[in-house]
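Here's a quick briefing to read alongside the model. Have the sequence and the 3D view open, and follow along topic by topic.

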Amino acid sequence: MATPLMSYRDVSYWLSSLDEPLTPRPPLPGGTEADVAIVGAGYTGLWTAYYLAHADPSLRIVVLEREIAGYGASGRNGGWCSALFPTSLTALGRRHGRDAAVAMQRAMQETVREVGRVVAAEGIDCDWARGGTVVLARTEAQLGRARAAVAEARAFGFGPDDLALLDADEAAARCAAEGVRGGTYTPHCAAVHPARLARGLARAVERLGVTIHERTPVSEIRPGAAVTPAGLVRAPVVVRATEGYTPQLPGQRRTVVPVYSLMIATEPLPEHVWARIGLAGRETFSDHRHVIIYGQRTADGRLAFGGRGAPYHFGSRVRPGYDREPEVFAALRRTLGDLFPALGPDVAVTHRWGGPLGVARDWSASVGLDRVTGLAWAGGYVGDGVSTTNLAGRTLADLIRGVESDVTALPWVGHRSPRWEPEPLRWLAVNAGLRVMFSADAAEARTGRPSRRAALFGRFLGH
């Protein structure tokens, strides 16, 4: 069921801060035909349409969106356009070989530059700031993981210009969180306003002749067609670009798990507070704990901060009510205050939001096209989709046109992740894993020693 029109600005801080009306584009009026039908007007669908239309303007491309462009994760995320890929170099090397792992990482680094190029070329005002990412270490266990991350990078031929180990002073010079002992820094990340990127990309796609139908739910994807209440959209190629909403489609319940990530944003902070916090280059920031946290300094001077921690819901259910978990919001505010004591109790949190992201069973994002059925897909980004979707869109554009290229040769192309376990095993495993990671972080904060339980659970997930 579509969201009431007046509530789109309530979905996230990012959507609320747009200086444009969020009036939906016209829905699909009836059955139609296209060369390529794309289900989902988030980053994956829009990037795919963008590169297809650039490569072949004669293609009839139709994008179908249940809500509005940028409604899902593309309008709610932390705004990291990074070179992060959810599968580690070591895991990629084990599955596909060292050269393939290096090629994948280099492609992700190039993708950050490519997104920046398109943002400039299309005049998309999305507060692009390539300040890199600093990941802090605040315990001995976290410092050990920082060292291990750098050692892994070096083993695959990546030098300090790709990932540098920071001592306490170097880390604090970038992000002066409490109790910093060191960390890592990579330049391969830009902070962005994600909703502005999504909405600007949608307009760029339309300028290229692509048709976007909003308020048009797709109830089924089948070979040769996408099924909507208004009728069939028939096309020899149908692209599934639905990420965390994928389990709502028939036959896709166990393809990915929709894991909720929640965020808060503070009021704009005065300069004397920023002088104590740092992030002068708008570096994105995190730390080396197990339960992921992430943040950025927004262009209007807020701290936008998020993390995992919301429970997985039985049956892979996705509902608007799950976007709001008061206990998780409170925990995020406590964590933010722990990181930055300069944020006293008087600093207000003005926005709270969340949404689902997609996690494949083997923690591997994938992109592909079944040439027999004409069904294409991309997803399972595990929260690293702002940039990865661009690489997916370029890859799908080549696959659909039958072009062999460097991107179609990457190891994630054609990968098929195993399906998640049926319920109740899925619910038990995912939520048990969340508890393990929380308890591991708490134990490490007390003792400083790394958690064996967390490492074992990571191996269970195939991460």
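Which residue in β18 is the bridge partner of Met263? It's Trp353, and there's more on that strand pair below. Bear in mind that this is a predicted model, where local features need pLDDT of at least 70 and side-chain atom pairs count only at pLDDT 80 or more, while totals for chains, interfaces and linings use all residues. Residues are numbered from 1 along each chain as its sequence is written, and side-chain values use heavy atoms, with hydrogens and water left out.

**The annotated span**

- UniProt, in an unreviewed entry, puts the feature "domain: FAD dependent oxidoreductase" at residues 35-399. Positions from UniProt are in the numbering used here, feature names are shortened, and annotations may be inferred rather than shown by experiment.
- The end C-alpha atoms of residues 35-399 are 14 Å apart, and the span is 32% helix and 25% strand. Helices (H or I, at least four residues) and strands (E, at least two) are DSSP runs, numbered from the N terminus.

- Strand β14 (residues 257-266) is mostly covered, with nine of its ten residues buried. Buried means under 20% relative accessible area, exposed over 50%, and partly exposed in between (1.4 Å probe, protein chains only).
- Strands count as paired if DSSP finds at least two bridges between them.
- β14 also runs antiparallel to β17, with five bridges joining them. Here Leu262 sits opposite Gly307 in β17.

- Strand β7 (residues 182-186) has five of its five residues buried.
- Both of its faces are covered: Gly182, Thr184 and Thr186 are buried on one side, and Gly183 and Tyr185 on the other.
- Strand β5 (residues 133-137) pairs with β7 in the antiparallel sense over five bridges, and Leu136 has Gly183 as its bridge partner in β7.
- Strand β6 (residues 164-167) runs antiparallel to β7 too, joined by four bridges. Leu166 stands opposite Gly183 in β7.

**A four-stranded sheet**

- Four strands make an open sheet in the order β1-β12-β11-β10, with mixed pairing.
- Why is one side of β1 and of β10 left without a neighbour in the sheet? β1 (32-33) and β10 (220-222) stand at the edges and each has a single partner strand, so one side of each has no neighbour there.
- β10 and strand β11 (residues 225-228) run antiparallel, with three bridges joining them. Arg222 has Ala225 as its bridge partner in β11.

**Cysteines**

- A disulfide here is a pair of cysteine sulfur atoms within 2.5 Å, and by that rule the count comes to zero.
- Cys126 is in no disulfide, and the nearest cysteine sulfur, in Cys81, is 8.5 Å away. Cys126 counts as buried, at 1% relative accessibility.
- For Cys175, the closest cysteine sulfur is in Cys189, 13 Å away, which is too far for a bond. Cys175 is buried as well, with a relative accessible area of 0%.

**The cavity**

- There's one cavity of 30 Å³ or more. A cavity is a set of points, on a 1 Å grid over the protein atoms alone, where a 1.4 Å probe fits but cannot get out; lining residues have an atom within 4 Å of a point.
- The largest cavity has a volume of about 50 Å³. That volume is the space filled by probe spheres set on the points, with grid points joined across faces, edges and corners.
- Its lining includes Phe85, Arg95, His96, Trp412 and His415.

- Most residues other than glycine have a negative phi, and most peptide bonds are trans.
- Leu279 has a positive phi, near 60 degrees. Leu279 lies in the loop between α8 (271-277) and β15 (284-287) and is buried, with a relative accessible area of 0%.
- Ser316 isn't a glycine either, yet its phi is positive at about 55 degrees. Ser316 is in the loop between β17 (303-308) and α9 (326-339) and is buried at 3% relative accessible area.
- The peptide bond from Glu423 to Pro424 is cis, with omega near 5 degrees. Pro424 is in the loop between α10 (385-401) and α11 (425-447).

Key
On a 1 Å grid over the protein atoms alone, a cavity is a set of points where a 1.4 Å probe fits but cannot get out, and a pocket is an open set with protein on both sides within 12 Å along at least five of seven lines; lining residues have an atom within 4 Å of a point.
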